[in-house]
Amino acid sequence: MEQHEINLCLAIKAAVTESIENMVFMVIDTDLNGLSEDIGCDPVMATLMVLEPRPGLLRLAMPKSTAIEISKNLYSISDREPTEAVIQDVTCELLNTISGRVMKRVLPAECTFHLGLPEIADRPFDPNEPFVKCSFLADGNLLTVAAQL
């Protein structure tokens, strides 16, 4: 792995840990201990374009069960399942927050950046695309963030 990829992976890990632990009070584990990184057949996925200082893309993918748990924690829902709209909104907002924190870590302090709006992805991500990919467990729930910066 090149130094740029190592730095990007470290930035993603820090951004995900900070975002998830502060927003939804779930503990992040970066060591999957050989667990499968397969997000299953019903994933929730979002993308966000980096517009400046150079084009890039960030992605968030997780099993629907992870998206449900994160949504329930964020909105303190315990008596029902969150709606599909809530799940999608939480997924996009989480990616937006993570993306901003990643950019702050990978760019010099004086550098400004502009992000597009996060969007729910309607097709699976191509695993052969050149992304730096990091997977996590949030209280035992799998999620993956990938970046091409």
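Colleague: Why are helix 1 and helix 3 called oblique to each other?

Modeller: The axes of helix 1 (residues 3-23) and helix 3 (residues 84-106) come within 8 Å and cross at roughly 135°. Angles under 35 degrees count as roughly parallel, over 145 as roughly antiparallel, 65 to 115 as roughly perpendicular and the rest as oblique, so this pair is oblique. The model is predicted: local features need pLDDT of at least 70, side-chain atom pairs count only at pLDDT 80 or more, and totals for chains, interfaces and linings use all residues. Residues are numbered from 1 along each chain as its sequence is written, and side-chain values use heavy atoms, without hydrogens and water.

Colleague: Which residues make the contact of helix 1 with helix 3?

Modeller: Contact means heavy atoms within 4.5 Å. Among them are Leu8, Ala11 and Glu18 of helix 1, and Leu94, Arg101 and Val106 of helix 3. The residues of this contact divide into 12 nonpolar, three polar and three charged, where Ala, Val, Leu, Ile, Met, Phe, Trp, Tyr, Cys and Pro count as nonpolar, Asp, Glu, Lys and Arg as charged, and the others, Gly among them, as polar.

Colleague: What makes Ser99 count as buried?

Modeller: Buried means under 20% relative accessible area, exposed over 50%, partly exposed in between (1.4 Å probe, protein chains only). Ser99 has 0% relative accessibility, so Ser99 is buried. Ser99 lies in helix 3 and, leaving aside neighbours within four places in sequence, is in contact with Leu48, Leu58 and Leu115.

Colleague: Cys92 and Cys111: buried or partly exposed?

Modeller: Cys92 has a relative accessible area of 12% and is therefore buried; Cys111, with 27%, is therefore partly exposed.

How values were computed: Axes fitted to C-alpha atoms, helices over the stretch in contact; angles between N-to-C directions. Helix = DSSP H or I, 4+ residues; strand = E, 2+ residues; numbered from the N terminus.
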